[in-house]
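The entries follow the order in which I went through it.

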Amino acid sequence: MSEIKLQRVSKYIYEIPQQAGMNVPGTVFISEKLLKLISKDKTLQQVRNVACLPGILKASIVLSDAHQGYGFPIGGVAAFDLEKGIISPGGVGYDINCGVRLLRTNLAQTDVMTRRKEVAEALYRKIPSGVGRGSKLKLNRRDLDNVLERGAPHVVEMGYGCQEDYLHMEEEGCMQGADASAVSPRAKDRGIGQLGTLGAGNHFLEVQAIGEIYDTDVARVLGLSEGQIMLMIHCGSRGLGHQVASDYIKKMEHEYGIERLPDRELIYAPIKSQLGKDYLAAMAAAMNFAFANRQVITHWTREEMQYLFPDVTVDTIYDVCHNIAKFEEHTIDDQQKTVCVHRKGATRSFGPGRSEIPDSYRDIGQPVIIPGSMGTASYLLIGTRESEELTFGSCAHGAGRVISRRAALRSLRGEDVQKQLESRDIEVRAGSWRSIAEEAPEAYKDIDEVIEVMHELNISRKVARLTPISVVKG
DNA sequence: ATGTTC
């Protein structure tokens, strides 16, 4: 692998100039400190490889939380022309529609602090978590197909939550174009018992307090003030989405071969091809499973909070996707056109006025929700028109690992990590000591720095910083 | 991320 030439354009913007084989340049929106953390892995080579794909428009982009992923970098954005372009499962990620929901409560920090152990314990018991963990919700085959094609509104119809929930989600909780018949029986087998489960890894359910508000005007519209208790749900499409990704990677390798690719993990199908269309229909179905998953977890979380705090109200602020591909309108060379945007570990961050944003937020822009790692802050930001110009309307999505799971297990003990969090008044419940060690704050980048870069570039503006009180992990 | 090696 040849050395990657990186030119500094400004304090937080670097460019990989277009060279032989590349159809566009690479653009890296990052600080010097965060750039150093990815200098030894394949992130920048992956940015360059993506720039070589057919029909890519404007630039192969990574954001401040960039790190190496399967084929495409995580923290990456790539948009493709509908005629000449491609769709790639590696550009979406294995956890299709991994995403985050933020819920607002009417509780104050003081209501919860003294009961934080009880709250962590209760939520841990209520929401199934951990690898391979099943749900108490038993779906039949027909219900599952409805979930896959109709998403969150379908589970609301089944009694899990309210209309106000899905009206405050990307796509109003239902991705159009989903086709349950494009999802393999094996993927359905894996998913049927997993609706309403958190999963493992960096997925979590947290009770958080608003520590700081940066934008009082936006906070007022969203009904937020300092010291207020919020709930954050971070999870995806579980085994179902993982199986959809595996199935279509295999199908595409079989149909198109891997010989001419710079990296076999970049396997793709033309957007216009039958296989490309089939993947898009299956991906949309997996997206809907993830939307419905976060909706069911929202309902159970609301129930449990109402049991613990009888007068509590729990309202959905917004629900964002971090791993998706979508058809969207963007302006390229002063021409408006529909393109296929891959966001892999990236958050949509549309500015004010976009028709995709709920009416109540149309004037302020889209809420951008960015979870921190275990025991660290999370952020609420607001999308901007600048992001539409710079990054196809996309912002970073999280802290991103800085040492591997294996390295974390070598250097950290789960018991010590939990004690250390306890000393900072953070109560953690998880399925295993191992997952606590793997997810230790030390294993992740500095979320404050990741956010600062996005804020300084006006890709999204900071609204509020949220700090954890009770944490449920897989 | 993932029935953590179908």
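**Entry 1: Thr-347 and its surroundings**

I began with a single side chain and found that the side chain of Thr-347 makes a polar contact with the side chain of His-322, at 3.2 Å. I note at the outset that this is a predicted model, so each value here is computed from predicted atoms. The side chain of Thr-347 also reaches the backbone oxygen of Ala-396, at 2.9 Å. Looking up its place, I saw that Thr-347 belongs to strand β14, which covers residues 347-348. Is Thr-347 buried or exposed? Its relative accessible area is 0%, and because the cut-off for buried is under 20%, I wrote it down as buried. Leaving aside residues up to four places away in sequence, I listed what Thr-347 touches, including Val-320, Cys-321, Val-368, Ile-369, Gly-393 and His-397.

**Entry 2: helix α5**

Next I turned to helix α5, residues 141-157, and asked what distance separates its end C-alpha atoms. A straight helix of 17 residues would span 24 Å, whereas α5 spans only 17 Å. Where does α5 bend? I found a bend of about 130 degrees at Arg-150, with a proline, Pro-153, following within four residues.

I then looked at both ends of the helix. At the N-terminal end, Asn-140 caps α5, with a side-chain oxygen 3.1 Å from the backbone nitrogen of Arg-142. After α5 comes Gly-159, whose phi is positive, near 110 degrees.

**Entry 3: helix α15**

I looked at α15, residues 447-456, to see how it sits in the rest of the structure. Seven of its 10 residues are buried, so the helix is largely enclosed by the rest of the structure. Among the buried ones I listed Ile-447, Val-450, Ile-451, Val-453 and Met-454, and also Glu-449 and His-455. At the start of α15, a side-chain oxygen of Asp-446 comes to within 3.0 Å of the backbone nitrogen of Asp-448. The helix is followed by Asn-458, which has a positive phi, near 65 degrees.

**Entry 4: positive phi in loops**

Asn-97 has a positive phi, near 55 degrees, and lies in the loop between β6 and β7. With a relative accessibility of 0%, Asn-97 counts as buried. Phe-392 also has a positive phi near 55 degrees, and its place is the loop between α11 (385-390) and β17 (394-395). Phe-392 is buried too, with a relative accessible area of 1%.

While in the loop between β6 (86-87) and β7 (99-108), I also looked up Ser-88, which lies there. Ser-88 is buried, at 0% relative accessibility. Not counting residues up to four places away in sequence, Ser-88 touches Phe-72, Leu-266, Ile-267, Tyr-268 and His-342.

**Entry 5: empty space**

My last search was for empty space, which is found by rolling a probe the size of a water molecule over the atoms. How many cavities of 30 Å³ or more are there? The count comes to one, and the largest cavity has a volume of about 30 Å³. Its lining is made up of Val-50, Ser-60, Ile-61, Phe-72, Pro-73, Gly-76, Val-77 and Ala-78. The elements giving two or more residues to this lining are β4 (60-67) and β5 (74-81), and β5 supplies the largest share, three residues.

The largest pocket holds about 1100 Å³ of space. It is lined by 42 residues, and those that lie nearest its centre are Asp-95, Gly-201, Asn-202, His-203 and Arg-405.

Definitions and conventions
Residues numbered from 1 in each chain as written. Chains lettered and ligands numbered in written order. Predicted model: local features only at pLDDT ≥ 70, side-chain atom pairs only at ≥ 80, totals over all residues. Heavy atoms only, no water. Expected span 1.5 Å × (residues − 1). Bend = angle between axes of the 7 residues up to and from the residue. Polar contact = N/O pair within 3.5 Å; in protein donor to acceptor, adjacent residues only side chain to side chain. 1 Å grid on protein atoms, 1.4 Å probe; cavity = no way out; pocket = protein on both sides within 12 Å on 5 of 7 lines; lining within 4 Å. Points joined across faces, edges and corners; volume = space filled by probe spheres on them. Buried < 20%, exposed > 50% of the residue type's maximum accessible area, 1.4 Å probe, protein only. Contact = heavy atoms within 4.5 Å.
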